[in-house]
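Here is a short note to read alongside the structure. Please keep the sequence and the model side by side as you go through the points.

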Amino acid sequence: MRALVLALLVATPAPADVLVAARTLRAGTLVEVGDVILLSDPAPLGAAQAPDEAVGLEARVTLYARRPIPVASLGPPALVERNQLVTLVFQAGGLEIRADGRALGRGAEGETVRIMNLASRSTVSGTIAGPGLVRVP
């Protein structure tokens, strides 16, 4: 007679640290060292588990005090703000054209943002290349 072996695997959360907000942080706030606390609680899926995962990044949504910080709610800091005056740069070969523009949105380096060219009043899209600098394809 054969013995039937049944193995039951139960998933239990492993003890881990979880990063929580020390105070309520509004969307757009740059997270600093004093803004986060590391607690010895089980971390929910997708939550930051170390200060270096959050410090230096920008809160994309409001982060509430004593609640875990989801990594997806953080991003690189914005280099261009809405209504900010920016420099548009167009390059083709050895030719470079620069123009003044006004940002119609906000974003971080590498993100696409719409800009109104102040001279022609036309709207173009470009990639943020630095603080106040947008490259137009």
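1. Asp35 sits in the loop between strand S1 (18-21) and strand S2 (36-39), where strands (E, at least two residues) are DSSP runs numbered from the N terminus. The model is a predicted one, in which local features need pLDDT of at least 70 and side-chain atom pairs count only at pLDDT 80 or more, while totals for chains, interfaces and linings use all residues. Residues are numbered from 1 along each chain as its sequence is written, and side-chain values use heavy atoms, with hydrogens and water left out.

2. Is Asp35 buried or exposed? Asp35 counts as buried because its relative accessibility is 6%, buried being under 20% relative accessible area, exposed over 50% and partly exposed in between (1.4 Å probe, protein chains only). Leaving aside neighbours within four places in sequence, Asp35 is in contact (heavy atoms within 4.5 Å) with Val20, Ala21, Ala22, Arg23, Leu25 and Leu30.

3. A closed barrel of five strands, with mixed pairing, runs S5-S6-S7-S8-S9; two strands pair if DSSP finds at least two bridges between them.

4. Ser125 lies in strand S8 and is partly exposed, with a relative accessible area of 40%. Apart from neighbours within four places in sequence, Ser125 is in contact with Thr112, Val113, Arg114, Val136 and Pro137. Ser125 and Leu88 are 37 residues apart in sequence, and their C-alpha atoms are 9.8 Å apart in space.

Technical notes
Helix = DSSP H or I, 4+ residues; strand = E, 2+ residues; numbered from the N terminus.
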